[in-house]
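Keep the picture at hand as you read.

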Amino acid sequence: MKIRFRYSLKWFLLGTTLIAVLAGTVGKRLFDMWQSRQELAAQEKARLRLMELGVQIHPLNGSGVVSVQFPAQKFTSRDFELLRRLPSFENIDLASTGFADADLPALANCRELKMLSIDGNAGITDKSVKSLAQLTELEFLGLSKTGVTDESFKYIAGLQKLKGLHLVSTNISSKGLAGLGSHPTLQNLDLSYTLVDDEVFPAIAQLPRLERLRLEHTRVHGHGISALARMPHLKAVDLHYCELQDGSGFEELHQVESLYLDGVKIPPGFLRHVAKMRGLRTLRLLDSEITREHLAELAEAKQIARIAYRKTPANE
């Protein structure tokens, strides 16, 4: 009798254990399904609310990853918080939306982010850029018309996949740019309307993959630009509205294919140096006072396929 009771108890305990395991497994599965539905419902609610606010949300390549574009108008921190509910996305445009340092936590889940534009937001400072260092997949960063300074370069240097960087109308200087070091992937750099001057050229020359450089409306005069001759991938240089004085270094930039000099007061003899740029194919001189003498300096530059300038009585 004792033996039978012992075996009955054993099977009873085993059976209840199996039932408990099965109940727990089923319960967990049901809970996971409920939680998943709750998350999807929250995502859809956030998506619909953002769309009501005029935000454009698009799938990329047919996947769940989305591109998010806010219209250029003021939003609240509560609006930005809705981004936490969206699935991961690669591109986001927050230009001129009032986005500020305090709103950065809204991007905490965006580990896959490749393109981020926060241009036109005065509340973005070096503190924000420091926080962005966790976005290691970032390939483009727009910081134009923000409150960033030279301090940000040491954080930007850590974004090792970055290809495009726009810092238009910020308080950055030539000295600060040295903080980028020899960034391995940067291809497009826009420093227009900043405080940089001729001292910036040695720092720029350290960027081995740079292809396009914009220095429009800066304090650059052209002294020392020959340092860029060491950059084999540099194809386009934009110096619109700079007060250029020294053209001697330009004749060493044989790798450059496009040179933009709109609005530049061209000194006598300057274009003789430009004419010696062997790889130059496009030269733009719109809004510059071009005379017949200037054109004569380019007479032997047969490699230039296109010269754009406004015709006036002085050059006809």
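Does H240 count as buried or exposed? H240 has a relative accessibility of 6%, and the cut-off for "buried" is under 20%, so H240 counts as buried. Please keep in mind that this is a predicted model.

**Around H240**

H240 lies in the loop that links β9 and β10. Leaving out residues up to four places away in sequence, H240 touches E216, H217, Y260, L261, D262, V264 and R284. With R284 there is also a polar contact, side chain to side chain, at 3.5 Å.

**Around D246**

The loop between β9 (236–238) and β10 (258–260) is also where you will find D246. D246 has a relative accessible area of 22%, so it is partly exposed. If residues up to four places away in sequence are not counted, D246 touches H221, G222, H223 and F270. The side chain of D246 makes a polar contact of 3.4 Å with the side chain of H223, and another of 2.8 Å with the side chain of S248. Now try finding P267: D246 and P267 are 21 residues apart along the chain, and their C-alpha atoms are separated by 8.4 Å.

| Residue | Partner | Polar contact |
|---|---|---|
| H240 | R284 | 3.5 Å |
| D246 | H223 | 3.4 Å |
| D246 | S248 | 2.8 Å |

**The whole chain**

Time to step back. The chain has 316 residues, and 43% of them are buried. Its secondary structure comes to 8 helices and 12 strands. Take the contacts between residues at least 6 apart in sequence: 50% of these join residues at least 24 apart. The accessible surface of the chain is about 17000 Å², and carbon and sulfur atoms account for 54% of that surface.

Some of the pairings can be followed one by one. β2 and β3 run parallel and are joined by 4 bridges, and V66 has F89 in β3 as its bridge partner. Next, β3 pairs with β4 in the parallel sense over 3 bridges; here the bridge partner of D93 is S117 in β4. β4 (residues 115–117) then pairs with β5 (residues 140–142), also in the parallel sense and over 3 bridges. In this pair, M115 stands opposite F140 in β5.

**The nonpolar core**

In soluble globular proteins, nonpolar side chains tend to be buried together. In this model the largest nonpolar core holds 84 residues. Which of its members touch the most other members? They are F70, I92, L116, L239, F250, L259 and L261. Helices and strands both contribute: α1 (2–52), β2 (66–69), β3 (89–93), α4 (153–156), α6 (201–204) and α7 (270–274) each supply at least two residues of the core.

With residues up to four places away in sequence not counted, L116 touches I92, L94, L107, L132, L135, L138, F140, L141 and G142.

Most residues other than glycine have a negative phi. S96 is not a glycine, yet its phi is positive, at about 55 degrees. S96 sits in the loop between β3 and β4, and its relative accessibility of 31% means that S96 counts as partly exposed.

K145 also has a positive phi, near 55 degrees, in a residue other than glycine. Where is K145 found? K145 belongs to the loop between β5 and α4. With a relative accessible area of 55%, K145 is exposed.

Definitions and conventions:
Residues numbered from 1 in each chain as written. Predicted model: local features only at pLDDT ≥ 70, side-chain atom pairs only at ≥ 80, totals over all residues. Heavy atoms only, no water. Core = buried A, V, L, I, M, F, W, Y, C linked by side-chain atoms within 4.5 Å. Buried < 20%, exposed > 50% of the residue type's maximum accessible area, 1.4 Å probe, protein only. Contact = heavy atoms within 4.5 Å. Polar contact = N/O pair within 3.5 Å; in protein donor to acceptor, adjacent residues only side chain to side chain. Pairing = 2+ DSSP bridges. Areas by Shrake-Rupley, 256 points an atom, 1.4 Å probe, with all protein chains shown as cover.
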